[in-house]
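Thanks for coming, everyone. Let me put the model up, and then we will walk through strands, core and pockets.

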Amino acid sequence: MRALRDRVEPFLPALSAVLASALALGGLTAWTAAGAAGSPARLSVTHARLLQPFPGRESTAVVFTVRNSGNADDRLLSVTSPAVDSAMLSQDADAGRSAARMQMISSVPVPARGELEMTPYGTDVMVELRAPVRLGQRVPFTLHFRESAPLEVEALVVRHSEWSYR
């Protein structure tokens with residue numbers, strides 16, 4: 001019996017490495033078959049509206065609907081445009097007594113197989129315009145994400161009452 005053990009013992013490290021590799025490969029195969037591997041976020045903007053500022057004001061809001069047809073979450077980190085001096089992600093927060101206050105936020109989730117629908121009364125982008133805009137004008141914006149490549153879109157300038165695409 002001792003002779004068999006002496007012959008097998010040198011191969012035990014290699015056998016354990018083969019067994020560990022087989023288990024890892026089996027796990028990765030199951031993960032891929034379940035659709036969880038190699039399925040990044042797939043983002044598109046289906047709606048972009050810049051609210052015409054009130055007379056005498058340069059600040060306003062821009063809203064986007066970002067659809068994610070992929071299987072991975074992503075996050076909108078920032079928005080830039082050559083037409084604005086600054087752009088900040090913002091969100092209305094409950095201030096009590098049926099009032100809301102605006103707070104700046106660092107990012108916004110874009111869920112897998114879902115969408116981020118911005119509104120002037122929820123999550124939006126506050127911008128300071130460099131020059132006046134007119135109704136119907138298209139203003140370029142770039143949306144920057146944590147995982148996905150930036151998306152370049154044009155926001156249509158609309159009246160406050162016409163921001164919705166529905």
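S9 and S10 form a hairpin, with five residues between them. A word on what we are looking at: this is a predicted model, in which local features need pLDDT of at least 70 and side-chain atom pairs count only at pLDDT 80 or more, while totals for chains, interfaces and linings use all residues. Residues are numbered from 1 along each chain as its sequence is written, and side-chain values use heavy atoms, with hydrogens and water left out.

Strands here are DSSP runs of E, at least two residues, numbered from the N terminus. Two strands pair if DSSP finds at least two bridges between them.

Strand S9 covers residues 138–145, and its pairing with S10 is antiparallel, over six bridges. Pro-140 has Glu-154 in S10 as its bridge partner.

What does S10 pair with in the parallel sense? Strand S1, residues 43–51, through three bridges. There, Arg-49 stands opposite Leu-156.

Is S10 mostly covered or mostly open? Mostly covered: the strand spans residues 151–158, and six of its eight residues are buried. Buried means under 20% relative accessible area.

Now S3. Four bridges join S3 to S9, and the two run antiparallel. Val-79 has Leu-143 in S9 as its bridge partner. S3 also pairs with S6, again antiparallel, over three bridges.

On to the core. A nonpolar core is a set of buried Ala, Val, Leu, Ile, Met, Phe, Trp, Tyr and Cys residues joined through side-chain atoms within 4.5 Å. The largest one has 28 residues, and Phe-64, Leu-76, Phe-141 and Leu-143 have the most contacts inside it. The elements giving two or more residues to this core are S1, S2, S3 (74–80), S4, S6 (108–110), S8, S9 and S10.

Take Phe-64. Phe-64 sits in strand S2. Its relative accessible area is 0%, so Phe-64 counts as buried. For contacts, the cut-off is heavy atoms within 4.5 Å. Leaving out residues up to four places away in sequence, Phe-64 touches Val-45, His-47, Ala-48, Val-79, Leu-116, Glu-117, Met-118, Val-125, Phe-141, Leu-143 and Val-153. Thr-123 is 59 residues from Phe-64 along the chain, yet their C-alpha atoms are separated by 9.5 Å.

Last, pockets. On a 1 Å grid over the protein atoms alone, a pocket is an open set of points where a 1.4 Å probe fits, with protein on both sides within 12 Å along at least five of seven lines; lining residues have an atom within 4 Å of a point. Grid points are joined across faces, edges and corners, and volume is the space filled by probe spheres set on the points.

How much space lies in the largest pocket? About 280 Å³. Of its 15 lining residues, Ala-61, Pro-120, Asp-124, Met-126 and His-160 are closest to the centre. S2 (59–68), S4 (84–96) and S8 (123–129) each give two or more residues to that lining. The largest share, three residues, is from S2.

The second largest pocket has a volume of about 150 Å³. Its lining includes Gln-52, Phe-54, Arg-57, Glu-58, Leu-129 and Val-133.

Conventions. Buried < 20%, exposed > 50% of the residue type's maximum accessible area, 1.4 Å probe, protein only.
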